[in-house]
Amino acid sequence: MGFEEHRKKAPKKLRIAVLVVSDTRSAAMAKGLDEDISGKIIVQKAREAGHEAVRTIVPDEKVKIRRAVTGFVSDARIDAIIITGGTGVARRDVTIETVAPLYDKELPGFGEILRRVGYDMVGTPALLTRASAGIIKGKPVFCLPGAPNAVETGMGIILPELGHIIKHARE
C-alpha cells in the first residue's frame with residue numbers, strides 16, 4: 001500500500017478540543033469578555049478544514065490545566081486537543097510542565113518544526129517557545145504558544161497531518 005493510499009484511511013471529520021491557557025483571557029471571561037484571539041484562530045482553522053471544535057479558557061494554573069486536559073482525554077467525542085498559551089519561559093508559563101508528564105509518547109518533531117519555521121519568520125525569539133506535542137491515551141495533544149502568529153503557523157503544521165496522526169495513535 002502506497003503512502004497516499006495509507007493516508008486515505010485516516011479519519012476526515014474530527015472533533016478538536018481547544019484549550020486556551022491565559023490568566024488575562026481567563027479573567028476577562030470571568031467578567032463576560034471574550035478577548036481570546038489565538039483560541040478563536042484554532043477554532044476557525046479547524047472548521048475551515050471541515051472539523052468541529054470546542055473552546056475552553058483556563059488560567060495559568062497547573063490544576064486547572066490538568067483537569068481540562070484529562071477531561072478532554074476521557075471524553076470519547078474528542079479526537080485531539082490543541083492548547084495555546086503557557087509555553088514560554090516566564091514563571092507563570094506552566095503548560096509544558098503540566099501536560100508533558102501526561103504523554104504516553106512524545107512527538108518531538110512538532111516542536112522542532114514549529115521552532116524552525118518560527119526562526120525563519122521571526123529569528124532567534126523562536127527559541128523562547130517550548131511548544132510540544134504528544135499522545136495521551138490515543139489522542140494527540142499539541143501545545144502551541146499563545147501568540148496569534150505562532151498559532152497560525154502551528155495550525156498549518158498540525159492540520160494537514162492530524163487525521164493521519166490520530167489513525168496511528170488509535171492503533
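1. Let's start with the side chains of D34 and R55, which make a polar contact of 2.5 Å in this predicted model. D34 sits in the loop between α2 (23-30) and α3. For I57, the C-alpha atom is 9.6 Å from that of D34, and the two residues are 23 apart along the chain.

2. Next, have a look at L19, in strand β1. Is L19 buried or exposed? L19 is buried, because its relative accessibility is 0% and buried means under 20%. Residues up to four places away in sequence aside, L19 touches T56, V58, I65, A68, V69, F72, I82, I83 and T84. By contrast, 19 Å separates the C-alpha atoms of L19 and G50, which are 31 residues apart along the chain.

3. After α6 comes G123, which has a positive phi, near 85°.

4. Which residues of α6 are buried? They are F110, G111, L114 and G118. Viewed down the helix axis, the buried residues fall within an arc of 90°, so they line one face of α6. On the face turned away from the buried side, you will find the exposed residues E112 and D120. The packing partners of the buried residues are β5 (132-136), β6 (139-144) and α7 (148-158).

5. Since F110 belongs to helix α6 and F142 to strand β6, the pair ties together parts that are 32 residues apart in sequence. Both F110 and F142 are buried.

6. Now for the nonpolar cores. The largest has 24 residues, and those that touch the most other members are I16, I82, F110, L144, M155, I158 and L162. At least two residues of this core come from each of β1 (15-21), α3 (38-48), β2 (52-58), β3 (80-84), α6, β6, α7 and α8 (162-169). Which element gives the largest share? That is α3, with four residues. There is also a second, separate core of 20 residues, including I65, I78, I81 and C143.

7. Finally, turn to helix α8, where H164 lies. H164 counts as buried because its relative accessible area is 13%, and buried means under 20%. The side chain of H164 is joined to that of H168 by a polar contact of 3.1 Å.

Methods:
Residues numbered from 1 in each chain as written. Predicted model: local features only at pLDDT ≥ 70, side-chain atom pairs only at ≥ 80, totals over all residues. Heavy atoms only, no water. Buried < 20%, exposed > 50% of the residue type's maximum accessible area, 1.4 Å probe, protein only. Arc of directions from axis to C-beta. Contact = heavy atoms within 4.5 Å. Core = buried A, V, L, I, M, F, W, Y, C linked by side-chain atoms within 4.5 Å. Polar contact = N/O pair within 3.5 Å; in protein donor to acceptor, adjacent residues only side chain to side chain.
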